[in-house]
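We will start at one residue, step out to its surroundings, and then zoom out to the whole chain.

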Amino acid sequence: MAAAAAFVALAALTSFVRLPLNPPPPPHLSKTVDMNRFWDVESEFKPESVLTSEIIKAYVLRGQLDRAEEWMHHLLYLGTLPKPRAFVALIEGNAHNPSRASHWLKKMSDLAKKNPGLKPPVRAFAFAIAAAACIADYETVDKHLELMRMHLVPPDAFVMLASLEAYKRGGQSDKVEDLTKELKKRGLMNHRVAQKYMAWTMIRTGQPSLVKEYLRRLGVSGIQEAVALLQTSVRAGNYHEGIMNMQTLLRLMDKEGQFLEKKEREDILSSAYGDIMYLCWKKAFHTETLDWYNKSIANGVNQTYDIQLNALRTLAVKDGIQCEKLFNHMLSVHEDVGHEAYCTVIEGLADAGELVRARKWVLRMRKMEHKLDASTYEKLILKAVEQKTWEDAEEFLDMELRDRVVPTNQTYLKVIEHVAYSEEARENRIKRAENWIRRMFNNGVYVLPKAVNCVIDARRELGHSEKAQHWLFQMLKFGIKPDSQSFLLAQRACAMTGDGDTAEKSIRVQRTLMNPETKHYNAVIEALARAYNDLALKQDRARIMFKEMLVDDYVKPNPSTFLAVTTNLVKNGWSDRMEEYYSLVFNAKSNAKPILSTYNRMLRIYANDEPPKSKQIVKTFK
């Protein structure tokens, strides 16, 4: 688990960094990646390898490997050469995942070939070899040793012991014999520091049997073994085994703890309680987490940052007010409680519905130049939506965008849906909704089509076909693929106003992205029919679109198609063409059946024919 110093270091470092927008993330990263991990190229700050390497190390210590790796990806993407310690931290952090550890070692080796100043340190190879040794992958170990020779890096005791472990577990007796002779010759066979590093790597794998076997070979037992097995259980997420190991450790501390120095005894107990509380919290056993917290207080255990943070996380779920009280206590005890603690108490108060109190901490955090996580903003905004305090929801979303933190999909979607369909005057609310969409586009946020659809639909209600179409093409401009509903709403807006040209343009674009459905053809045909109502024209564009629909194998006409294509036949009573359309729509191939509206339309056309077709009217009426 992360030590308190890691949290303090991370908070101190990130408070000086402005990260968001440019350049865009590499293709393999999500477009909705947290903007706190980008650099703002408009500011004077430029990526500095020493500072960012420390941030990567801090994230690894916190167990947030995904963030650490994204930082590294962006450093490399921007052409900034990371410090070797950043690679070492990633390799060490991926000790439980040998393939990722090998990936970062190879990446470092490749960069070192092009940049002589980046010489891979021996620790980078040592942790990658130790990770491979845990799964008996001696072939990978051989590859890493070959890289060491290529970069002229001499092996140390840790490298040699880790290689020996890989060869033992892989059944390579000849290599085991040679390496054992070499270790004995150098007097490194029982190198305690190297053995501790190897044991720590095995603990990270979360395999108790592997750790027990290695500790037994080293002759480690008692309290040290219990501590190692507890940490292994926590890494593996094994709750029942973790509880058993914790109870074993407490029994051993009662028997043998008196022979330890006071500080060592306190450190072991504090670390153990922090570990078991973390395990309970990760398993969402909140009652058990608080039970262990209360036991730590009752037994006089030193209340470290880790213990209090795990209690804070649990109280954030169970009782937001008590969470805030503990947080105030932490502020009085610790010099800097760190970013995560602030976000935790804010989320706890949001869950409890205490938005006023949560807002106080948000403002304090932003004043200190800390940025909330996207997930924290999400809880605040969704709780405001639930309580229908829409001004708060918009204020929090405004803060999020000002902080250049990418809102989660649910966050901005709820706000935009409310704004677009609120009871406010139509024109005002639509402009507000458009303003939110525009801001997110300009901030590089990947906006869901569903959110833009709200604005298109609102414009459709007002009959603004050009503006509805504008937002449809804005989506394409910003790399967002419109969905089927996006095109349909824009086309229906055109049908309302008779904007045939725009409707026809939209379905041409749609065909390049997806297959139009019957409802899309119907909307476009209706728009063209309303736009070109004068049948004296040489070309009936609604008819042309209808013919295109009939040759499209993916769609079949329905009663709505008949109503759309006959829109411009009513005025002049063109019954002959209407009868043609009837036969093309309602037949065995389409399997469509006439409905009441179909007969009403036919009656009107027959009535307007010159002269009115009385017999057909009677026949249709019957």
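**Stop 1: Leu-312.** Select Leu-312, which you will find in helix 16 (helices are DSSP runs of H or I with at least four residues, strands are runs of E with at least two, and both are numbered from the N terminus). Before going on, a note on the source: this is a predicted model, in which local features need pLDDT of at least 70 and side-chain atom pairs count only at pLDDT 80 or more, while totals for chains, interfaces and linings use all residues. Residues are numbered from 1 along each chain as its sequence is written, and side-chain values use heavy atoms, with hydrogens and water left out.

Is Leu-312 buried or exposed? Leu-312 is buried, at a relative accessible area of 0%. Here buried means under 20% relative accessible area, exposed over 50%, and partly exposed in between, with a 1.4 Å probe and protein chains only.

Now show what surrounds Leu-312. Beyond its neighbours within four places in sequence, Leu-312 is in contact with Cys-323, Leu-326, Phe-327, Met-330, Ala-341 and Thr-344 (contact means heavy atoms within 4.5 Å). Draw a distance to Ala-341: this residue is 29 residues away along the chain, and the two C-alpha atoms are separated by 7.5 Å.

**Stop 2: helix 17.** Select residues 320-333, the 14 residues of helix 17. From first C-alpha to last, helix 17 reaches 20 Å, close to the 20 Å expected at 1.5 Å a residue; the expected span is 1.5 Å times one less than the number of residues.

Which residues of helix 17 are buried? Colour Gly-320, Cys-323, Glu-324, Leu-326, Phe-327 and Met-330. They lie on the same side of helix 17 because they cover an arc of only 165 degrees around the axis, taken from the directions from the helix axis to the C-beta atoms.

**Stop 3: two loop residues.** Select Ala-284, in the loop between helix 14 and helix 15. Ala-284 has a positive phi of about 65 degrees although it is not a glycine, and is partly exposed at 45% relative accessible area. Then jump to Asn-591, in the loop between helix 31 (575-585) and helix 32 (596-608). Its phi is also positive, at about 60 degrees, and it is not a glycine either; Asn-591 counts as exposed at 56% relative accessibility.

**Stop 4: the cores.** Select Ile-346, Leu-380, Ile-437, Val-447 and Ile-456, the residues with the most contacts inside the largest nonpolar core, which has 87 residues. Such a core is a set of buried Ala, Val, Leu, Ile, Met, Phe, Trp, Tyr and Cys residues joined through side-chain atoms within 4.5 Å. Its largest share, eight residues, comes from helix 14 (residues 262-282). A second, separate core of 62 residues includes Tyr-59, Leu-75, Tyr-167 and Val-220.

**Last stop: the whole chain.** Zoom out and colour by secondary structure: the protein chain has 33 helices and zero strands. Of its 622 residues, 52% count as buried.
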